Amino acid sequence: MAAALAGLTLPAVVEELLSEMAAAVQENARIPDEHLSLLKFIFGPSAIQALDLVDRQSITLISSPSGRRVYQVLGSSGKTYTCLASCHYCSCPAFAFSVLRKSDSLLCKHLLAVYLSQVTGTCRQLKVSDKQLTDVLFAEKKQKA
Amino acid sequence: MAETLRRVLNLGTSARSGEEDTAEAGPPLLLLGGPGSGKTALLFAAALEAAGEGRGPVLFLTRRPLQSLPRGTGAALDPLRLQKIRFQYPPSTHELLQLLCSAHEARGPAPSLLLLDGLEEYLVEDQGPQDAAYLAALLLDTAAHFSHQTGPGQGCGLVVALQTQEEGVSGDALQVSLLRRYFPAQCWLQAETPAPGQHRLRACLDPGGLGPRAEWCVAFRPNGEMTITPWPTQAGNLSLDKGSSSGGQP
């Protein structure tokens, strides 16, 4: 039960690491090595894949005049996945399987990439109309249907 | 949105401490109970309570109009409060998703409380866990967007009611555990042995790690009137959050 409750909130240790990384990036414009190894320790291979997505600038923050925002991540396979900005959700199969169904990982690589791109300030920004943002959010649903 | 519900449950109590009157929205809350366990009446009471706070309107989503206005829900049926409650009746999961995805296109003041009754009716059409997760996540995202609009310290709360099966049928256990990831606070409604002429329920509120569990007795008279009293604590059982099995796990 405790594991289920903690399922979609990042543990305090990860939150702390992310904010330390953000501070370090502001100071030195790069992520310190000890943070990188800690990241690999917590997230395993997903950490490398997520850093790779950040390096390739695969994360786009889409926002509309309303202030609503959503992330899109271009996966290594060329598919685009939608990540919500306010809570843990990614449209990729790994999120459905490993995070939701099996509860054996905290995040998928796309969500981790979103958090890392926030830390490093390297996500692309795309401004769209309110209507277009609706389509982005709603398209997520239609793709699977 | 544990806080609005807690205030509703505390209305019948004289011990209403001042600190509970904060405008803090609290974490999203899942209201769980079997058929006819008073979920709609409690949601409506929460709507009335929030409508009286002098903040934005209350958005009440449900598949079909309420059959009757619940009675005796604490706040009087003040027309000014009722005016602030906006009902919308998305007829299908598709329409509900569309409504949530386009919530930022609406003009006017952002809601201070988002309520959804009968989530189970929108989940039956869905296929896999990812669809249920997207619906839950979109509800949170919509409330987060409303919070962003209303400004700091005055977030938009979220309370979602889900009908659970009778005990023994645990087919929906997976779904409930998935939803609980998105709703850290939960309130369980459980039928008690009926008193003459009354329908009694035990309401157990778990505010999501922010405080101890609390319990109330919710009773409905035959005319539909709802009364809420603190659950009588037995001697020596004051710390009821650990030992009691009253959490109502299905």
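Modeller: Residues are numbered from 1 along each chain as its sequence is written, while chains are lettered from A and ligands numbered from 1 in the order in which they are written. As the model is predicted, local features need pLDDT of at least 70, side-chain atom pairs count only at pLDDT 80 or more, and totals for chains, interfaces and linings use all residues.

Biologist: Which residues make the contact of α4(A) with α6(A)?

Modeller: From α4(A) come Ser46(A), Ala47(A), Gln49(A), Ala50(A), Leu51(A), Leu53(A) and Val54(A), and they meet Lys109(A), Leu112(A), Ala113(A), Leu116(A), Ser117(A) and Thr120(A) of α6(A); contact here needs C-beta atoms, placed from the backbone, within 7 Å. By class, this contact has eight nonpolar, four polar and one charged residues, where Ala, Val, Leu, Ile, Met, Phe, Trp, Tyr, Cys and Pro count as nonpolar, Asp, Glu, Lys and Arg as charged, and the others, Gly among them, as polar.

Biologist: What makes β1 and β2 of chain A a pair?

Modeller: Strands pair if DSSP finds at least two bridges between them, and β1 (residues 59-63) of chain A has five bridges to β2 (residues 69-74) of chain A, in the antiparallel sense. Among the residues joined in this way, Ile62(A) has Val70(A) in β2(A) as its bridge partner. Both strands belong to an open sheet of four strands with mixed pairing, in the order β3-β2-β1-β4 (chain A).

Biologist: Why do β3 (80-84) and β4 (124-127) of chain A stand at the edges?

Modeller: Each has a single partner strand, so one side of each is left without a neighbour in the sheet.

Biologist: What is the strand order of the open sheet in chain B?

Modeller: That open sheet has nine strands in the order β3-β2-β4-β5-β1-β6-β7-β8-β9 (chain B), again with mixed pairing. Within this chain, β1 (residues 29-33) and β5 (residues 157-163) run parallel and are joined by five bridges, and Leu29(B) stands opposite Val159(B) in β5(B).

Biologist: How many residues does each chain give to the contact between chain A and chain B?

Modeller: Chain B gives 24 residues and chain A gives 23 residues. On the side of chain B that touches chain A, α6(B) gives the most, with 11 residues, and by class this side has 11 nonpolar, nine polar and four charged residues.

Biologist: How do you know where confidence is lowest in chain A?

Modeller: The guide is pLDDT, the predictor's confidence in each residue, from 0 to 100. In chain A the mean is lowest in helix α1 (residues 2-6), at 35, and highest in β1(A), at 97. For chain A as a whole the mean pLDDT is 86, and 90% of its residues reach 70 or more, whereas chain B has a mean of 79, with 78% of its residues at 70 or more. Over residues 235-250 of chain B the pLDDT is below 50. The model scores ipTM 0.87 and pTM 0.86.

Methods
Two residues are in contact if their C-beta atoms, placed from the backbone, lie within 7 Å. Helices (H or I, at least four residues) and strands (E, at least two) are DSSP runs, numbered from the N terminus.
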